[in-house]
Amino acid sequence: MGAAHAMNRLLQALATLLAVSFLVYILIGLMPGDPVDLMAMGNPRMTPEDAARLRELYGLDQPLVARYGRWLAAALGGDLGYSRVYNLPVLEVIGPRFLNTGILLGVSLLLTAMAALPLGVLAARKKGSWVDRAINVFCLAGISLPHFWLGLLLICLFAVKLQWLPASAELEPASMVLPVMTLALSGLAVYVRHLRAAMGDALKADHIRTARAKGCSDARVTWNHAFKNALPPVITIFMLDLGTLFSGALTVETVFAFPGMGKLMFDAVMGNDYNLALAGFLILSAFVLTANFLADMLYALLDPRVSYAVKK
Amino acid sequence: MKRPPFKQYIPAIFLALLAAACFSAGLFSGQAEETDLGSRFLEPSSTHLLGTDELGRDVFVRLLYGGQVSLAVAAIAGLLAAVVGTTVGMVAGYAGGKWDALLMRITDVMISLPALPLLIILSAVDLSKLGIPAGEYTNLWKIIAIISLLSWTTVARLARARMLVLKETDFVRAAKALGVSHARILLRHIFPNLLGTIVVATTLATGNIILTESVLSFLGLGIQPPLPSWGNMLSHAARTIWEHAEMTFYPGIMIFATVLAFNYLGDALQSRFDPKAKTGP
């Protein structure tokens with residue numbers, strides 16, 4: 001693997017992050033009101049002169065690009081500002097929420113993987129059979145299902161009708177069951193589809209026929225010969241798909257009032273907490289871009305046939 | 001080409017009937033917004049097929065009116081996404097080189113960014129700060145614009161991939177050798193051959209657009225009440241989930257069935273247009 005290629009990709013990712021931060025900075029500036037207006041609303045004794053002085057103090061009277069430059073300089077120094085709603089440095093608010101989302105996504109992904117692996121492999125091995133067709137129908141249904149509606153249905157069944165589980169989620173096992181279930185189920189269809197396709201391709205390869213001709217057992221051909229080759233593309237897709245996963249988590253967190261990143265972002269935008277919304281989005285983007293970069297590198301590592309070295 | 005089995009027509013028929021029902025709702029029912037606080041949460045009956053909601057409005061009629069909004073948003077946003085995606089994909093694939101690298105890099109970034117947080121920030125943008133006056137349908141157009149902005153990427157990727165193949169075909173080379181202009185090659189020689197890919201990609205994208213609109217409206221950032229959409233009906237239903245759980249069922253099943261129909265249609269079209277997919281069972 002070429003070090004030059006890695007360096008190139010890394011620079012591209014950084015440039016992208018910079019561009020994204022500028023665009024989102026502009027967008028956040030277009031949200032209703034500005035910080036001084038909000039302060040004026042909370043304090044009836046503030047005069048227009050006070051407001052003007054505050055605008056000058058915070059640099060709000062300067063042109064957009066100058067403001068962005070100042071924000072960027074501070075951000076690079078690790079200072080992303082204060083959250084208006086929480087009265088805390090933005091990073092202190094985001095830290096624990098990010099961890100919560102991580103736990104939620106991690107547990108549900110684990111469950112998704114555990115169910116998707118056997119189903120995807122089974123569908124690919126019995127291609128065209130009724131099992132495959134049933135799994136295919138299930139997958140189409142799964143990708144057509146709105147996540148939040150699945151969450152609401154699970155609340156109806158397990159919280160309202162059966163009263164087995166709480167509907168709102170704190171960080172305790174019982175109340176995490178429903179959000180985890182919602183996310184795991186909604187991810188399942190997507191990964192079964194990818195796995196079925198990748199496994200189908202892997203099973204068509206010449207070396208599979210050779211292995212069968214040599215008298216390898218069916219299980220050995222499936223898992224040792226085909227599955228090993230089916231996994232790299234699926235892992236790559238997963239890494240490239242992190243942005244979608246965060247989007248799914250956001251909806252589910254809102255349905256269950258789960259204290260994670262998604263809920264935080266939503267509340268920040270709703271509550272005009274500019275610094276928090278901006279930092280939250282950038283941290284999510286940085287995370288996704290890092291994952292994409294790693295996916296790119298990992299692909300060459302997992303599949304020795306892929307080479308990024310310059311051909312001579 | 002072999003005639004496809006009847007079941008492949010089912011999703012298209014379903015969508016046509018649904019659209020017909022939704023857009024003719026005004027003919028056989030009164031106002032969707034007629035509230036009657038004396039008859040809240042009525043049981044289904046012959047006058048109210050699916051009962052009434054928290055403001056005494058007929059659920060069935062509101063589902064049809066909500067369908068108008070959801071389907072219209074999906075159709076317009078889907079068309080916009082198709083136009084933008086096709087243009088980007090065709091230019092990138094045909095021009096190649098630096099243009100290709102730049103456009104595809106932008107597409108990749110758009111695909112990988114967390115879409116929903118971005119949608120939330122975009123939908124919170126105050127249009128009056130951009131100098132756009134607020135009219136009756138401003139919000140509706142804003143939602144359409146935002147959704148199309150994030151939905152063209154799949155169309156662009158698939159159009160570009162097909163373009164790369166078409167660019168090297170003999171008839172395109174022949175046209176080039178004869179000195180046909182780029183515009184004419186793109187429109188007369190390549191575009192007709194790209195159409196299948198575009199239709200498939202747009203159909204699948206439209207299903208996703210319906211999902212996106214419903215999530216945004218559910219979060220309270222999409223279609224604003226009193227204008228009904230399946231998404232914002234669900235958001236009201238979620239507030240009374242403990243007393244009237246059944247209200248969460250109807251709008252959700254409408255979204256689900258419609259998106260499912262679009263996805264089935266996309267799959268069926270794909271197996272018709274893509275000769276490789278026919279080698280399957």
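**Whole model**

Start with everything displayed. The model has an ipTM of 0.82 and a pTM of 0.85. Colour chain B by pLDDT: the mean is 82, and 86% of the residues are at 70 or more.

Now select residues 277–281 of chain B. Here pLDDT stays under 50, and the model gives this stretch five contacts beyond four places in sequence. Where pLDDT is low, the predicted coordinates should not be read in detail.

**Chain B as a fold**

Show chain B as a cartoon. It contains 11 helices and zero strands, so the pattern along the sequence, by the DSSP runs used here, is α-α-α-α-α-α-α-α-α-α-α. Of the 281 residues in chain B, 41% are buried. Among contacts in chain B with a separation of 6 or more, 66% join residues 24 or more positions apart.

**Helices H7 and H9 of chain B**

From H7(B), the residues include B:Thr154, B:Leu158, B:Arg162 and B:Leu166. On the H9(B) side, look for B:Ile190, B:Asn193, B:Ile198 and B:Leu204, among others. The residues of the contact divide into 11 nonpolar, four polar and one charged.

Stay on H9(B) and pick B:His182, which lies in this helix. B:His182 counts as exposed because 11 other C-beta atoms lie within 10 Å.

**Helix H10 of chain B**

Next, select residues 230–239 of chain B, helix H10. Seven of its 10 residues are buried, which leaves the helix mostly covered. The buried ones are B:Trp230, B:Gly231, B:Asn232, B:Met233, B:Leu234, B:Ser235 and B:Ala237.

**Contact between the chains**

Bring chain A back into view and select residues in contact across the two chains. There are 39 in chain A and 35 in chain B. In chain A, the elements that each supply at least two residues to this side are H1 (3–29), H6 (130–144), H7, H11 (242–256), H12 (261–270) and H13 (274–302). H7(A) gives the most, with seven residues. Colour the chain A side by residue type: 29 are nonpolar, nine are polar and one is charged.

**A:Ala257**

Finish in chain A at A:Ala257, in the loop between H11 and H12. Most residues other than glycine have a negative phi, and most peptide bonds are trans. For A:Ala257, phi is near 50°, a positive value in a residue other than glycine. Is A:Ala257 buried or partly exposed? With 14 C-beta neighbours inside 10 Å, A:Ala257 counts as partly exposed.

How values were computed:
Residues numbered from 1 in each chain as written. Chains lettered and ligands numbered in written order. Predicted model: local features only at pLDDT ≥ 70, side-chain atom pairs only at ≥ 80, totals over all residues. pLDDT = per-residue confidence, 0-100. Contact = placed C-beta atoms within 7 Å. Buried ≥ 20, exposed ≤ 12 C-beta atoms within 10 Å, placed from the backbone. Helix = DSSP H or I, 4+ residues; strand = E, 2+ residues; numbered from the N terminus. Nonpolar A, V, L, I, M, F, W, Y, C, P; charged D, E, K, R; others polar.
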